[in-house]
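Try each task before reading its solution.

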Amino acid sequence: MGQDRKYTFSWDHIGDIADGRPNLGNTASVEAYRLMQFSCRDVMEQYLGTEKTDEVFYQAGKLAGKEFYNHMLTPTKDFNEFLRQLQLALLELGIGILRVEKTDLENGELVWTVSEDIDCSGLPEMDFEICTYDEGFISSLLECYSEAPFLVKEVDCWCTGDRTCRFSAKAVK
């Protein structure tokens, strides 16, 4: 599969926003983002099924988290500084408001919430969590910071009646 690929992600694909969008700038609506995300997800599910689509979204989130960490954050060994940078970047980009509910670095367990999540806040209830991409994104951010793999699972979601998305993260040992 690697040989016949014509598209490999690069941070360069984000482009020069100032040059390419001199009038509209670095803004777009949440509706536009969700239109792209959920139409892609629908088509992928038709071709791949739900389980494989979830795997793809998780892995896409992992790739995005790694690239985000490498291009938007300054590496640090100070966990509080890592969190401060991450919270600020997510807020400035309008992705969501990150809060920490539990941090047990010694045992590799964390619980984070993301309020006003760009992926799902305001959606109707669906009886299932939908932030699979976010799970991979957070997993990769934690792995980049700690240099240890993490498994992240959304345990509460706007779409299950909660008004924040809650993610449980556990280091893989």
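**Exercise 1.** How much space lies in the largest pocket of this predicted model? Then describe its lining.

*Solution.* 
Step 1. The volume is about 1700 Å³.
Step 2. Turn to the lining. It consists of 45 residues, and Y33, M36, I95, I118 and Y133 lie nearest the pocket's centre.
Step 3. Sort the lining residues by type. There are 29 nonpolar, 8 polar and 8 charged ones.
Step 4. Find the main contributor. Helix α3 (50-72) gives the most, with 11 residues.

**Exercise 2.** Which kind of aromatic pair do F82 and Y145 form? Compare the pair of F79 and F82.

*Solution.* 
Step 1. The whole structure holds 6 aromatic pairs. In one of them, F79 and F82 are 6.0 Å apart, centre to centre, with 45° between the planes, and the pair is tilted.
Step 2. Locate these two. Both belong to helix α4, 3 residues apart, about one turn of the helix.
Step 3. Now take F82 with Y145. The centres are 4.7 Å apart and the planes 20°. Planes under 30 degrees apart count as stacked, so this pair is stacked.
Step 4. F82 is in helix α4 and Y145 in helix α5, 63 residues apart, and the pair links distant parts of the chain.
Step 5. Y69, F79, F82 and Y145 make up one aromatic cluster.

Note on methods
Residues are numbered from 1 along each chain as its sequence is written. This is a predicted model: local features need pLDDT of at least 70, side-chain atom pairs count only at pLDDT 80 or more; totals for chains, interfaces and linings use all residues. Side-chain values use heavy atoms; hydrogens and water are left out. On a 1 Å grid over the protein atoms alone, a cavity is a set of points where a 1.4 Å probe fits but cannot get out, and a pocket is an open set with protein on both sides within 12 Å along at least five of seven lines; lining residues have an atom within 4 Å of a point. Grid points are joined across faces, edges and corners, and a volume is the space filled by probe spheres set on the points. Helices (H or I, at least four residues) and strands (E, at least two) are DSSP runs, numbered from the N terminus. Ala, Val, Leu, Ile, Met, Phe, Trp, Tyr, Cys and Pro count as nonpolar, Asp, Glu, Lys and Arg as charged, and the others, Gly among them, as polar. Rings of Phe, Tyr and Trp (its six-membered ring) pair if their centres lie within 6.5 Å; planes under 30 degrees apart count as stacked, over 60 as edge-to-face and the rest as tilted.
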